[in-house]
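Please read the points with the model open.

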Amino acid sequence: MSTTNEIRYLASHEWGRIDEEGILTVGISDHAQDLLGDIVFVELPDIGKTLEAEEESAIVESVKAASDVYSPLSGEVIEVNEKLLDEPEIVNGSPYEEGWFFKIRLDDGSEFENLMTEEEYTNSCEE
Amino acid sequence: MVDFHGWSMPINYGSQITEHNAVRENCGIFDVSHMTILDFHGEDSELFIRKLIANDVKKLKQDFEGLYSAMLNDNGGVIDDLIAYRLDSGYRLVVNCATRGEDLKWISTKVKDYEVEMIERDDLSMVAIQGPKSSEVLSKCPAPIVRALESKKKQQGVFGNNMFATKTGYTGEMGFEVILPHDQAINLWKNAVEAGAEPIGLGARDTLRLEAGMNLYGFEMNESISPYECNMTWTVDLKDEKRSFFGKESLLKQASEGQHLELVGLILDDRTILRQGQKLQFVSSADLEGIVTSGTYSPTLKKPIALARIPKTTEQICFAEVRGKKVFAKIGTPRFIKEGQFIFKERT
């Protein structure tokens with residue numbers, strides 16, 4: 001059973017944090033920002049857009065490479081972190097708090113449990 | 001840390017952008033010991049080096065002075081780019097680590113016909129100290145030899161106490177490169193860092209050289225690219241008509257036929273970085289196509305920049321299709337920053 005404010009992951013390094021209303025905040029993991037290096041541009045989805053689970057939803061570009069950000073679950077985009085457009089380096093400094101990318105209203109909150117737990121994700125990073 | 005052609009090297013020590021800015025604003029120190037150092041001694045050494053590379057070492061006025069050059073194959077393609085230094089007894093070439101194998105193969109074959117001994121100096125390290133405060137940092141290091149550098153001009157150098165120090169670099173800032181035995185290199189590194197030099201990784205080395213419009217082998221140049229097509233025309237010295245060098249005949253032929261490709265600089269207002277290999281198109285010349293040779297985010301300009309090889313044209317703008325979107329770039333000189341100043345000139 002998942003608990004409110006728990007963070008879960010995709011193997012592709014996105015995290016999602018669920019609240020009591022079924023809103024999922026999405027970002028990229030500390031491991032991901034570390035692999036990417038200095039982040040210089042972020043492209044965010046349009047508000048109102050409906051995303052499928054594991055659909056390309058945002059782009060993060062660092063000095064080294066551009067990388068797609070996938071939506072962990074399906075839902076409608078209700079808010080984006082516009083601060084990242086001017087200060088993308090926030091993602092490097094605070095990947096789980098200030099550096100969130102977007103929020104979606106989940107189609108089905110129960111799907112959250114299908115995501116990887118912190119332990120499963122950490123193990124997958126070490127593989 | 002990454003494996004860079006057999007050398008374990010850091011992409012960055014901390015933040016690549018912070019390291020980049022440290023070199024533009026203060027002073028950075030680079031461990032560039034991966035570079036291959038080749039010394040040439042013997043009575044034919046000048047004759048041989050003048051034959052081997054496209055620039056002419058005859059114009060080096062003093063010992064320990066260096067010049068930038070291409071080493072060409074018979075088709076006029078770039079085998080490598082290098083710095084050639086005059087020594088008190090012979091010449092020293094500093095060539096790329098990525099091309100070491102090909103270089104040695106080529107040079108060993110050619111050197112046989114000359115009274116020249118080639119020695120690879122893997123007993124030496126190389127350290128670069130670069131940035132507006134590099135003189136200040138160096139003056140605090142307890143190595144008297146570096147003091148002698150102060151009176152020297154760019155590209156010139158000094159030698160003493162086993163240290164070979166020159167006013168050269170790969171960043172577009174004033175600075176020094178020092179070739180010295182490994183144990184002395186460690187001491188120089190420690191002293192320079194104590195005096196305020198920031199250690200700089202490979203990542204910032206690349207963004208610095210790109211802003212400065214300096215070529216990187218395998219990106220702007222390769223064996224099928226002529227110096228005329230990679231902004232190295234100025235390094236081809238044809239003044240001495242009697243001098244023959246490898247690739248010369250092909251170059252003369254190319255020059256008479258006219259140049260078809262050139263290296264340009266691109267600046268983008270878009271929030272997209274054009275990477276190596278990206279195709280470029282032109283709005284009013286649909287049949288022409290160019291290619292990005294290196295692209296990055298410029299920490300100094302806070303914009304994406306790129307170097308690109310494009311057909312000779314008067315077009316001022318080009319575009320690329322990236323992730324289904326058209327991205328436009330201004331075309332201009334293949335150099336962006338020199339000693340902290342913006343020097344890019346866009347086409348008008």
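**Notes on the two chains**

1. Start with one residue pair: Leu51(A) stands opposite Gly75(A) in S8(A). That strand, S8 of chain A, covers residues 75–80, and strand S5 (residues 50–51) of chain A pairs with it in the antiparallel sense over two bridges. Two strands pair if DSSP finds at least two bridges between them. Helices (H or I, at least four residues) and strands (E, at least two) are DSSP runs, numbered from the N terminus.

2. A word on the basis. This is a predicted model, in which local features need pLDDT of at least 70 and side-chain atom pairs count only at pLDDT 80 or more, while totals for chains, interfaces and linings use all residues. Residues are numbered from 1 along each chain as its sequence is written, and chains are lettered from A, with ligands numbered from 1, in the order in which they are written.

3. Which strands form the open sheet of chain A, and in what order? The order is S1-S2-S3-S9-S8-S5, six strands with antiparallel pairing. Strand S1 (7–9) and S5 of chain A are the edge strands, since each pairs on one side only. S8(A) joins strand S9 (residues 102–106) of chain A over five antiparallel bridges. There, Val77(A) stands opposite Ile104(A). Strand S3 (residues 23–28) of chain A pairs with S9(A) as well, in the antiparallel sense over four bridges. Thr25(A) has Lys103(A) in S9(A) as its bridge partner.

4. Now chain A as a whole. It has four helices and nine strands. Along the sequence they follow the pattern β-β-β-α-β-β-β-β-β-α-α-β-α. The C-alpha atoms fill a box of roughly 40 × 35 × 20 Å along the principal axes.

5. Burial and contacts in chain A come next. Buried residues make up 43% of its 127 residues. A residue is buried if 20 or more other C-beta atoms lie within 10 Å of its own, exposed if 12 or fewer, and partly exposed in between, with C-beta atoms placed from the backbone. Among contacts in chain A between residues at least 6 apart in sequence, 61% join residues at least 24 apart. Two residues are in contact if their C-beta atoms, placed from the backbone, lie within 7 Å.

6. How many residues of each chain meet at the interface? Seven residues of chain A are in contact with 11 residues of chain B. The chain A side has four nonpolar, one polar and two charged residues. Here Ala, Val, Leu, Ile, Met, Phe, Trp, Tyr, Cys and Pro count as nonpolar, Asp, Glu, Lys and Arg as charged, and the others, Gly among them, as polar.

7. Chain B has eight helices and 21 strands. Its radius of gyration is 20 Å, close to the 20 Å that the globule rule gives for 348 residues, so chain B is as compact as a globular protein of that length. Its C-alpha trace spans about 60 × 50 × 35 Å along the principal axes. Buried residues make up 45% of the 348 residues in chain B.

8. Chain B is assigned domain 1 (2–211) and domain 2 (260–342); such bounds come from an automatic or database domain assignment. The contact between them takes 12 residues from domain 1 of chain B and 12 residues from domain 2 of chain B. On the domain 1 side, helix H1 (16–25) and helix H7 (202–211) of chain B each give two or more residues.

9. What lies between the two domains? The largest nonpolar core has 119 residues, and those touching the most other members include Ile53(B), Val127(B) and Leu266(B). Both domains of chain B give residues to this core, so it lies between them. A nonpolar core is a set of buried Ala, Val, Leu, Ile, Met, Phe, Trp, Tyr and Cys residues joined through C-beta atoms within 7 Å.

10. Last, His34(B). This residue lies in the loop between strand S3 (28–31) and S4 of chain B. His34(B) is partly exposed, because 18 other C-beta atoms lie within 10 Å. Not counting residues up to four places away in sequence, His34(B) touches Phe4(B), His5(B), Trp7(B), Met9(B) and Cys97(B).

Key: Rg over C-alpha atoms; globule rule 2.2 N^0.38 Å.
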